[in-house]
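Open the model in your viewer and keep the sequence panel beside it. Selections follow, one stop at a time.

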Amino acid sequence: MQNTTLHREIREKGGAYGSGADCDPLRGDIILRAYRDPKLFASREIFHQAISGVESGKFTQQDLEEAILGVIQDLDQPLSPGAQGLNAYLKEQKGITPKIEDTLRQQILHLQKHDVQQAVSTIAPFESATWVSFASELFFTRENQGEPHPLPVKKIWNFIGNQI
């Protein structure tokens, strides 16, 4: 999703500072994100297009190979000693053994197009997505103008107790 849709549409065309896609296979979550995005509604539609594109197989073998390399790169990134300790602790808590890690790595390396399509359609039903945006009330008000399904605004508190 990142390589085929998100970067080009949200970052390059839409003007956001960045975008991305992450998957947590242990929780079954897919996270699509945009950073400093001036077009919330447009990006929400692009997220939908990205998911639909993968579900319908609108990606090449080269796209798949690049994505696999990116995932393996993330798995193999060097960690500081502190991060290594935290990583080992979290794996222990979740019951992730070296055998499970090796099995996951082998599955990733041998992914086929239909595997990715099936996984996305199973764990990314767009209709049940949760949307979170951090922005000012003024920004949400501007974005919501003229929209048939406006985004709800929930005020939160900052760390010093002032409502934002």
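**Stop one: a loop**

Select R36, in the loop between β2 (29–35) and α2 (40–55). Helices (H or I, at least four residues) and strands (E, at least two) are DSSP runs, numbered from the N terminus. Now check the backbone: R36 has a positive phi of about 50°, although R36 is not a glycine. Most residues other than glycine have a negative phi.

This is a predicted model; local features need pLDDT of at least 70, side-chain atom pairs count only at pLDDT 80 or more, and totals for chains, interfaces and linings use all residues. Residues are numbered from 1 along each chain as its sequence is written, and side-chain values use heavy atoms, with hydrogens and water left out.

**Stop two: a surface patch**

Select L86, Y89 and L90. Together they form a nonpolar surface patch with about 310 Å² of accessible area. Areas come from the Shrake-Rupley method with a 1.4 Å probe; for residues, only the protein chains shown count as cover. Like charges are joined within 9 Å, nonpolar side chains (Val, Leu, Ile, Met, Phe, Trp, Tyr) within 5 Å.

Y89 sits in helix α4 (residues 81–94).

**Stop three: the whole chain**

Zoom out and colour by secondary structure. The protein chain has seven helices and two strands. From the N terminus, the order is α-β-β-α-α-α-α-α-α.

Note on methods. Patches are made of residues with over 30% relative accessible area and no salt bridge: like charges are joined within 9 Å, nonpolar side chains (Val, Leu, Ile, Met, Phe, Trp, Tyr) within 5 Å. A salt bridge is a side-chain nitrogen of Lys or Arg within 4 Å of a carboxyl oxygen of Asp or Glu.
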